[in-house]
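This report concerns the structure shown below. Please keep the sequence and the coordinates at hand while reading.

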Amino acid sequence: MKPISRRKFNALAGLSTATLFAPSILLGQAKAKVVVIGGGAGGATVARYLAKDSGGQIEVTLIENSKQYTTCFFSNLYMGDVRDFKSITHSYDTLAAMDNLNVVHAMATEIDRDAMTVSTADGNTFPYDRLVVSPGIDLIWDSVPGYSEEAAQIAPHAWRGGPQTELLKSKLDALENGQNIVMVAPPNPYRCPPGPYERVSMMAHSLKSRGLKDSTITILDTKPKFSKQGLFTEGWEANYSGMIEWLPPEIHGGIIAVDAKAGTVETDLDTFEGDLLNIIPAQRAGGIAIYAGLTNESGFCPIEAASMRSSVDENVFVIGDASIAGAMPKSGFSANSQAKVAALNIRGDLTDSRVFPAKYSNTCWSLISTDNGVKVGARYEAGEEGKIVSTHKFISQPGEDADTRADTYQESIGWYDAMTTDMFG
Amino acid sequence: MSNVAKTLYFVLMSVSLGKLSATADANAAGERVASAEEVLRVVRLSNDLAYGEYLATECIACHSKDPGIDVNIPMIYGLPPEAIVWAMLEYGSGYRGNTTMRNVVDALGDEDISAIAQYLESVTE
C-alpha cells in the first residue's frame, strides 16, 4: 500500500475508518468505480486507459450522450474538401466491447459530490470512487450581442463537432462567386487556438478550388493577435491573395450586434454583410462542471498541475478543454495527454500502482493550403507555483520549403489516425 | 536473435528510421551521429518497464501500432532498444531534424530514453 500523502491524510482524518474507500478495494472485495463524463479526446482516452491498465481492479463507466463522435480536430479539413465527414466521425463500439468498461449513452445531468454519484437524464444513478469530468466547452451565446442557440442554425459556430460542422459545410458549399463570408473569432481562452485561422484557410481553399475568385472572407477578431499569426498571414498572402482580411478590435472597434437573419455584423467601424456568417462566441467549461461547483470565476475548472485532480474536490479529476491547464492550449492533443496523467493518478489512488511525475505534451498542426502544413508544440510539467508550465517548445518557421510543409501535413495525418485509435481503440 | 543478428538489425533499422525522419539535416555544425558506445551506454541505464510504459503513452499519440501507408511517422514497437535509443540521441543532438521529435527528446533524460526503449521493445501486439 502506498503511503497516504499529508494532504490526503488531512482530508481523510475526520472520517471514521468505516467510511474510508480504500480497505474494501485493497482487500479485493469490490472493484473500484470510476465514472467518466464526456467521451471526447479526454474522456474516451482516460476511460480506455483505466479499463486496459488496471488489471480488472477498476470498473469504468463512460457517460456520453452522442452515439458517434465527430472530432473538432480535422473538421477544418472537411471544410477544405481534404477529408470527408465519415473520416472524422468515430463510433464507441470498440470501447464498449472492452472488459471493465461500460459505455452509457445518456446525458449526465447532475453530480452529487457528497453522495459521490452521477445522475443521467434517463433516471439512472452511477456511484463513483473517482470521477473524471471531461465535458469540453459550452458556448457563451450572449458574449456576441444578438447571437443565440437559435441564431446558430442560420449562422453556425461549428465549434463542437457534429451537426454544426455539417451545417457550416453545406452553407459554404452553397456560396456562389462574389458571395462573402464573415467570421467572428472568439476571445481567449477558447478551444483550439489556431482553429479559426485554419478554418479560414480551408474555407478559402474550398472557394478558390471552386473558382469563386471574387468571394472574400472577413475575420472580425475579438483579440489583438492570434496563434501562428505570422505563418497564417504568410500563407494567406501566398495562396489566397486578396481573399482574406483580418480585422483586430483596434480596427473594427468592437462587435455591437449580430443579425443572423439579415446576415450582418455591426461593429464600431462599419456593418459587415456576409452571405455566410460563422460566429464563434466566447467559451466556458461544459455546463455540468459549472453546476457541480468545479469552476472558478473564469468559467473553467482549476486543477492540481501534478495530477489533473480538481482543486475543489480530491475525488474528482477535470481534463481537457474544461480544465485550467496553465500553459497548455485547449486541444484534443492536450486532453489526450492530460487523460493519461489523470489515469495514472486514479490508478495510484485506487490500486497499488506507481505514480510518476506528470509529463504533458501538445502539438497543433494546421493546414493552410494543399500539402502546406504548419505546427506548434510544447512539453509541459507541473511548475513550482502549482501551474502547468511549458518546458520545451517549437513552431514551424516562415519561408519553409514545400517538402518540409508536405512532411508536416503528412505527420498530421499520421497523428490523427494514431490519436483517434488511442481514444477509441 | 543472436547478438550478431541483433547488431545488424539495429544498424539497418537505424538507417531506416533515419530515412523516415521528416527533415533530416545532417552535418550542420555541432550535430553528429550518435556513437555505438553512447547508444549502448544509454540502453543499459534503465530497465524500468512501468516507467517506460508511462513515458511511452506520449509516443502512441502519434506513433500508431498500425500505421497507414504513406504516413511518415515510423513504426516504433517491438524494435531492439538500440534502434530507438540511437534515433532519439540523434534527435537530441540535432542530427535528425524533425522538430516534433527534437522537442520530445529535449525534455527527456538518458534514463527516460532508456526506459522508453526497453518498454517499446516489449510491445508485441
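The sections below describe a sheet in chain A and then the helical chain B.

## Basis

The structure is a predicted model.

## The sheet of chain A

Chain A contains an open sheet of five strands in the order E5-E2-E1-E9-E20, with parallel pairing. Strand E5 (101-104) and strand E20 (316-318) of chain A are the edge strands; each has a single partner strand, so one side of each is left without a neighbour in the sheet. On average, neighbouring strands of this sheet are turned by 15° against each other, direction ignored. Strands of a sheet pair through backbone hydrogen bonds, either parallel or antiparallel.

Within chain A, strand E1 (residues 32-37) and strand E9 (residues 130-133) are joined in the parallel sense over four bridges. In this pair, Ile37(A) lies opposite Val133(A) of E9(A). Helix H3 (residues 41-53) of chain A packs on the sheet and touches E1, strand E2 (58-63), E5 and E9 of chain A. The direction of H3 makes about 160° with that of E2(A).

## The helical chain B

Chain B has six helices and zero strands, and its elements run α-α-α-α-α-α from the N terminus on. Of its 125 residues, 50% are buried. Among contacts in chain B with a separation of 6 or more, 77% involve residues 24 or more positions apart. The accessible surface of chain B is about 5900 Å², and carbon and sulfur atoms account for 55% of that surface.

## Helix H2 of chain B

In helix H2 (residues 36-43) of chain B, the residues Val39(B), Val42(B) and Val43(B) are buried. These residues lie on the same side of H2(B), because they cover an arc of only 105° around the axis.

Definitions and conventions:
Residues numbered from 1 in each chain as written. Chains lettered and ligands numbered in written order. Predicted model: local features only at pLDDT ≥ 70, side-chain atom pairs only at ≥ 80, totals over all residues. Heavy atoms only, no water. Helix = DSSP H or I, 4+ residues; strand = E, 2+ residues; numbered from the N terminus. Buried < 20%, exposed > 50% of the residue type's maximum accessible area, 1.4 Å probe, protein only. Contact = heavy atoms within 4.5 Å. Areas by Shrake-Rupley, 256 points an atom, 1.4 Å probe, with all protein chains shown as cover. Arc of directions from axis to C-beta. Pairing = 2+ DSSP bridges. Axes fitted to C-alpha atoms, helices over the stretch in contact; angles between N-to-C directions.
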